[in-house]
Amino acid sequence: MVSRRRVATSGDVEVSTYLEIAAEKRGEQLLPIKEPEPEAEREAVVVIDFGSQYSMLIARRVRECRVYSELVPYDAPWERVAPIRPKGFILSGGPASVYEPGAPLAPAYIYESHLPILGICYGMQAITHQLGGKVALGAKREYGHAILHLGAVDSPFFADLPPSLPVWMSHGDVIAEMPPGFTTLAHTENSPVAVMGNENGVFGLQFHPEVAHTPEGKTILKNFLYRVCGCKGNWTPANFIAESVAGIRERVAGGRVVGALSGGVDSAVVTTLIHQAVGDQLTCIFVNNGLLRREEAERTLNAFRHNLKMNIIYVDATQRFLDQLRGVVDPEEKRRLVGEEFIRVFEEEAAKIGQVDFLAQGTLYPDVIESATPQDRASAKIKTHHNVGGLPSKMKLSLLEPLRHLFKDEVREVGLALGLPEEMVWRQPFPGPGLAIRIIGEVTQEKLEILRAADWIVMNEIKKAQLYRQLWQSFAVLADVKTVGVMGDFRTYGYLVALRAVTSDDAMTADWARLPYDLLSRISNRIVNEVPGVNRVVYDISSKPPSTIEWE
């Protein structure tokens, strides 16, 4: 008898879609799954974004403490924040100075809510400025490591912390005068007021607890969440599944959904969640846009048809996508065209099914933030993700995006809790525009075949070296340049292929992977010998920032 995977939830609820199918294949029958129910109302803390490069990292660190968080711009109205039902607020850092005309400030409802508030760097200065204190340009700037000396070690804010600890500073302004009712809780050599607080649960930190360079930063954030805001940490994958299933069922009601299936973990989790919520009201559509890697369409269809038993429609739209991309070299235009063409294909296929109301997508939080939609005006646009900023302005279908506020690692946790197979959950991310943004310049059939062959070698060698799970992404890029080479005593003029391998936790930042030299040598040797038209291979050793993971 198959052993059912158990997921820790409020009543040790079992969520085992994949294992049910495995049992069915063996001719066995499992007891019906009880609908998961949340333990309690979801706890949430809202992060107010003043434009810091670390704002998204704050939200991520809060979630690592099992408390839900959302990042909202500093000028978001109360109507945007109220549905989140926050138990506290965190004000991010930012590049401005609060005493400058037009500097962004926290909305009044934050202070009027009487909820706990934690200001970080610029957020601390905003609290000071708005509550009657004074912020001024410091005599010395403070960037990098500093030693924080705690003054009020009995404060719940400093529970489980040593009297002195290293922190990461990044500021030029200082607190010249604290607001009425506040006291100094800690200092550094250059900041007499490095931490301040009052009896109403309002605290300010001049340093950044969210970065790895503040080793005890997570403990500080956890103290604020648990000891000040009163959170219990009940935001778990199982509770997310429960909320999502209930929310999807309520929104879809008797409608029908088409799911954009790509084969990656995001679309796998989305379709599994929706299928669990509305069953056969979901029809998945797999679009072969001609921009996929070698054998990707076949492997994806096989995995979903045989493992998840969903209704799947296969559409070969290779030529129409290549026609749209003909002559296009601008990466933003590529993303826009691919995003719009996807929607048009889905709309056409949905019309063949009959009345369809929703389009399901695997959009994630980093997609939303980097695309800088109107909801996120405080952040600069990095690039347009095809499933966010690349969407057409007029669509016939309503979007259903249950993962829109999750990071990739959270999606993987949810996938495992749903019982999806590990090889599906741990698949490396693959961009929606596919190889179109890994071919620099115009996309042609010839370049696609060259890149597919090179990418196949990269993945084969990475897996043979047992490094696939250790890397966030590993792939090949075909550059829009040719170089002179020599093969068999003859001059060649061939394409340059770049190798890219990075490590990351959430794709918001990434570091280049230190691959072994012998592995790089094998990959390079195989590509120049097995892929016609290529005579040079280079390795990208850029991190994000300043680069991005993809080249376009």
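Where is the place of P546? P546 sits in the segment after β18. This is a predicted model, in which local features need pLDDT of at least 70, side-chain atom pairs count only at pLDDT 80 or more, and totals for chains, interfaces and linings use all residues. Residues are numbered from 1 along each chain as its sequence is written, and side-chain values use heavy atoms, with hydrogens and water left out. Helices (H or I, at least four residues) and strands (E, at least two) are DSSP runs, numbered from the N terminus.

**Nine-stranded sheet**

- An open sheet of nine strands has the order β2-β1-β3-β4-β9-β8-β7-β5-β6, with mixed pairing.
- β2 (68-73) and β6 (164-177) are at the edges with a single partner strand each, so one side of each lacks a neighbour in the sheet.
- From one strand to the next, the twist averages 20°.
- Strands count as paired if DSSP finds at least two bridges between them.
- β1 (residues 44-49) and β2 run parallel and are joined by six bridges.
- Opposite V46 stands E70 of β2.
- β5 pairs with β7 (residues 183-187) in the antiparallel sense, over two bridges.
- H149 has H187 in β7 as its bridge partner.
- β7 and β8 run antiparallel, with three bridges between them.
- A186 has V195 in β8 as its bridge partner.
- Helix α5 (residues 122-130) lies across β3 (89-91), β4 (117-120), β5 (134-150), β6, β8 (195-197) and β9 (202-205).
- α5 runs at about 120° to β4.
- Axes are lines fitted to C-alpha atoms, for helices over the stretch in contact, and angles run from 0 to 180 degrees between N-to-C directions.

**Five-stranded sheet**

- Five strands make an open sheet in the order β12-β11-β10-β13-β14, and the pairing is parallel.
- The edges are β12 (312-316) and β14 (398-400), each with a single partner strand, so one side of each is left without a neighbour in the sheet.
- The twist here averages 30° from one strand to the next.
- β11 (residues 282-288) and β12 run parallel, joined by five bridges.
- C284 has I312 in β12 as its bridge partner.
- Helix α7 (residues 237-252) packs on this sheet and touches β10 (257-261), β13 (358-360) and β14.
- The direction of α7 makes about 165° with that of β14.
- α11 lies across β10, β11, β12 and β13, at about 135° to β11.

**Helix α10 with α11**

- The axes of α10 (residues 318-325) and α11 (residues 331-353) come within 10 Å and cross at roughly 145°.
- The crossing of α10 and α11 is right-handed.
- A crossing is left-handed if the near helix is turned anticlockwise from the far one by less than a right angle, and right-handed if clockwise.
- α10 contributes R320, F321, Q324 and L325 to the contact.
- α11 contributes K334, L337, V338, E341, F342, R344, V345 and E348.
- Contact means heavy atoms within 4.5 Å.
- By class, this contact of α10 with α11 has six nonpolar, one polar and five charged residues.
- Ala, Val, Leu, Ile, Met, Phe, Trp, Tyr, Cys and Pro count as nonpolar, Asp, Glu, Lys and Arg as charged, and the others, Gly among them, as polar.

**Helix α8 with α13**

- α8 (residues 265-278) packs on α13 (residues 408-417) at an angle of about 45°, with axes 10 Å apart.
- α8 and α13 are therefore oblique to each other.
- Angles under 35 degrees count as roughly parallel, over 145 as roughly antiparallel, 65 to 115 as roughly perpendicular and the rest as oblique.
- α8 and α13 cross in the left-handed sense.
- V265, D266 and V269 of α8 meet K408, V411, R412, V414 and G415 of α13.
- This contact of α8 with α13 divides into four nonpolar, one polar and three charged residues.

**Helix α15**

- α15 (residues 445-464) has 20 residues and reaches 29 Å from its first C-alpha to its last.
- That is close to the 28 Å expected at 1.5 Å a residue, where the expected span is 1.5 Å times one less than the number of residues.

**Backbone exceptions**

- Most residues other than glycine have a negative phi, and most peptide bonds are trans.
- H114 has a positive phi near 60° and is found in the loop between α4 (108-112) and β4.
- The K544 to P545 peptide bond is cis, with omega near -15°.
- P545 lies in the segment after β18 (534-539).
- P545 and P546 are also joined by a cis peptide bond, with omega about 10°.
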